[in-house]
Amino acid sequence: MAAACSSLSTILKTPFSTPFSSLKLSPKSHQNSSFQLPTAISRREFLNGFSVALLPLAISPPSLAKEIEVGSYLPPSPTDPSFVLFTATPKDTPALRAGNVQPYKFILPPTWKQMRVANILSGNYCQPKCAEPWVEVKFEDEKQGKIQVVASPLIRLTNKPNARIEDIGSPEKLIASLGPFVTGNTLDPDELVETSIEKRGDQTYYKYVLETPYALTGSHNLAKATAKGSTVVLFVASANDKQWQSSEKTLQAILDSFEV
């Protein structure tokens with residue numbers, strides 16, 4: 001993509017030897033047009049640059065993310081009508097279509113918007129056998145914060161097939177491995193404020209409260225993780241100091257609602 005942008009940028013910035021206003025076509029333009037590509041750039045260079053610039057459009061499928069308020073298309077939450085319910089389906093992510101991730105759901109305030117996930121981060125290029133974690137979905141509200149669902153191949157954390165999250169290790173051990181996907185950079189053990197374990201039927205969830213002043217995602221992070229099938233699914237809610245003051249309870253409610 002960088003190469004494409006560079007090629008196109010070079011083309012656009014190259015000075016034309018002939019002003020467009022002075023270009024003329026002869027009456028017999030179908031036989032011998034007097035219009036020629038400027039000498040500063042050859043026809044081959046132009047076509048090559050244009051083709052490379054369009055290549056990402058050809059290989060990247062359009063995102064299904066809708067950057068409009070979720071309240072306009074998601075149903076109200078049956079447990080709290082002040083929220084709406086997002087239930088992930090195979091049309092939402094490459095991993096769900098490949099069967100690599102089990103469907104999940106969570107609630108959101110109706111003013112939040114679903115954000116597009118870059119193709120390279122979505123796991124689209126490596127399904128169904130990704131070796132590294134990928135981003136499933138992202139939602140955001142400028143005033144309240146943001147959330148994302150990250151999925152990690154189970155084999156990255158344990159050699160035991162279909163392992164439960166308890167088989168991987170303690171909450172502290174798990175977050176030590178997945179912490180960078182919570183913060184966007186690094187996680188210091190001192191930034192882990194609280195851990196807890198939640199049971200929902202047969203499913204176990206590890207929950208975390210983190211104070212992360214240097215995190216790219218935000219200075220306050222809440223996380224929740226579980227293992228199912230061949231994947232560990234990590235839910236992250238993030239906010240900066242200003243957002244946290246007014247939305248801490250909202251972000252906690254969103255996190256608590258997450259279920260695989």
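I began with strand 8 (residues 220–228): eight of its nine residues are buried, so the strand is largely enclosed by the rest of the structure. Buried means under 20% relative accessible area, exposed over 50%, and partly exposed in between, with a 1.4 Å probe and protein chains only. Strands (E, at least two residues) and helices (H or I, at least four) are DSSP runs, numbered from the N terminus.

This is a predicted model, in which local features need pLDDT of at least 70 and side-chain atom pairs count only at pLDDT 80 or more, while totals for chains, interfaces and linings use all residues. Residues are numbered from 1 along each chain as its sequence is written, and side-chain values use heavy atoms, with hydrogens and water left out.

Next I looked up the neighbours of strand 8. Strands pair if DSSP finds at least two bridges between them. Strand 7 (residues 203–211) runs antiparallel to strand 8 and is joined to it by six bridges. Tyr 208 has Ala 223 in strand 8 as its bridge partner. Strand 9 is also antiparallel to strand 8, over nine bridges, and its Ser 238 stands opposite Asn 221. In the hairpin of strand 8 and strand 9, two residues lie between the strands, and Gly 229 has a positive phi near 70°.

Then I searched the whole structure for disulfides (cysteine sulfur atoms within 2.5 Å), and one was found. Cys 126 is joined to Cys 130, S to S 1.8 Å. The link is right-handed, with 90° about the S-S bond. Cys 126 counts as buried because its relative accessibility is 18%; Cys 130 is buried at 7%.
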